[in-house]
Amino acid sequence: MRFCFLVEEHYRNDGMPLDVVRQLTAWGHRVDVVRPGSSLLDLGELVRAGDHDAWVLKTVSGGPGLGLLESAAAVGLTTVNDARSIRPVRDKAQAAVIAAHRGLPVPTTWAAARWEDFGKIPDTHYPLVVKPADGSSGRAVHLVERPEELARFGAELGGEGLLIAQPYVPNTGVDLKVYSAGGELFATERTSPLHPHHPHRERPVALAPEVAAVAAQVGEVFGLDLYGVDILLGPDGPVVVDVNDFPSFRAVPQAVARVSRAVLRLARTGSSWPSVAAVPPQGVAGTVPAAVGGAA
């Protein structure tokens with residue numbers, strides 16, 4: 001099969017997805033790596049020729065790659081993830097509306113073009129988590145304890161465009177990151193960037209049924225096949241605080257093989273996974289399907 005991977009400069013040296021490119025190549029597939037934003041592109045040659053079995057996107061939020069992926073989808077080419085599913089999660093304001101409408105547990109969300117407008121939110125909703133609507137990799141995410149603290153972050157937030165604010169979900173200072181690839185779910189926990197004073201931790205953990213159900217619902221709601229969900233265990237249960245298309249899959253055993261197989265199947269079928277299963281982490285009782293290790 002032949003693939004076109006759209007990889008922006010931010011990820012030019014990252015293991016994900018370049019290790020996937022190497023794995024697919026080792027399995028005998030042809031992979032063209034295109035770096036949108038850093039080279040002259042002949043769109044007619046790339047898109048209208050239709051030479052690729054699937055297009056795969058790994059770009060920063062707001063980067064030029066998504067538009068190119070959407071162009072490929074518009075002429076009937078297969079994309080991973082489905083191009084229609086990516087923009088709604090890249091826009092955190094839009095994602096919050098869709099998630100709430102579809103019954104996912106998400107915090108109340110306010111949006112504003114000026115950070116000063118968050119001062120109108122009643123004090124009873126503080127502390128707030130404020131971040132850019134198109135943010136990624138934890139950029140410009142701030143915990144604001146009181147309205148008068150907003151000005152501390154004004155200089156950084158002022159150039160970020162649309163912003164969102166959500167009430168802080170009380171938690172232990174540890175975030176759950178649930179990854180989905182190949183119809184399987186895998187969980188890790190890591191120290192929250194909002195609590196940098198806590199000891200650094202990142203490790204695989206067992207996936208509780210209620211968390212797995214929420215993570216699987218995220219994929220169904222947004223139509224994603226390769227994705228990550230940031231979940232907090234609040235006083236009332238799991239709360240979704242972020243969704244990412246094609247994440248890093250850090251700490252996922254055999255991540256490269258899992259993602260590579262997922263890309264192959266989606267290229268062949270153009271369909272979502274029929275079911276989602278929770279996969280135990282290494283060191284936790286359970287088994288990982290043996291089929292993950294080899295080429296399809």
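Predicted model: local features only at pLDDT ≥ 70, side-chain atom pairs only at ≥ 80, totals over all residues.
Contact, as I use the word today, means heavy atoms within 4.5 Å.

Residues are numbered from 1 along each chain as its sequence is written, and side-chain values use heavy atoms, with hydrogens and water left out.

pLDDT is the predictor's confidence in each residue, from 0 to 100. Its mean over the protein is 86, and 90% of the residues reach 70 or more. Over residues 282-293 pLDDT stays under 50, and the model has 18 contacts beyond four places in sequence for that stretch.

Now the overall picture. The protein has eight helices and 14 strands; helices (H or I, at least four residues) and strands (E, at least two) are DSSP runs, numbered from the N terminus. Of its 296 residues, 51% count as buried. Buried means under 20% relative accessible area, exposed over 50%, and partly exposed in between, with a 1.4 Å probe and protein chains only. Among contacts with a separation of 6 or more, 65% are between residues 24 or more positions apart. The accessible surface comes to about 13,400 Å², and 51% of that belongs to carbon and sulfur atoms; the areas are from the Shrake-Rupley method with a 1.4 Å probe, and for residues only the protein chains shown count as cover.

Next, the cores. A nonpolar core is a set of buried Ala, Val, Leu, Ile, Met, Phe, Trp, Tyr and Cys residues joined through side-chain atoms within 4.5 Å. Which residues have the most contacts inside the largest core? They are F3, F5, L24, L226, F249, V259 and V263, in a core of 26 residues. Two or more residues each come from β1 (2-7), α1 (15-26), β3 (54-58), β9 and α8 (255-269). The most come from α8, with seven residues. A second, separate core has 24 residues, including V89, F222, L224 and V243. In soluble globular proteins, nonpolar side chains tend to be buried together.

On to the sheets. Two strands pair if DSSP finds at least two bridges between them.

Another open sheet, antiparallel, runs β5-β8-β6-β7. Here the edges are β5 (110-112) and β7 (142-144), each pairing on one side only. Neighbouring strands are turned by 30° against each other on average, direction ignored. β5 pairs with β8 (residues 163-167) over three bridges, and A112 stands opposite L163 in β8.

Now β10, residues 184-191. Are its residues buried or exposed? Eight of its eight residues are buried. E184, F186, T188 and R190 point one way, and L185, A187, E189 and T191 the other. In a regular strand the side chains alternate between the two faces of the sheet.

β10 has two antiparallel partners to mention. With β9 (residues 174-181) it pairs over eight bridges, and K177 has T188 as its bridge partner. The β9-β10 hairpin has two residues between the strands, and G182 takes a positive phi near 65° there. With β11 (residues 202-205), β10 pairs over four bridges; E189 stands opposite R203 in β11.

Last, S180, which sits in β9. Why does S180 count as buried? Because its relative accessible area is 2%. S180 touches L185, D225, L226, Y227 and F249, again not counting residues up to four places away in sequence. S180 and V252 are 72 residues apart in sequence, and their C-alpha atoms are 9.9 Å apart in space.

Notes:
Axes fitted to C-alpha atoms, helices over the stretch in contact; angles between N-to-C directions.
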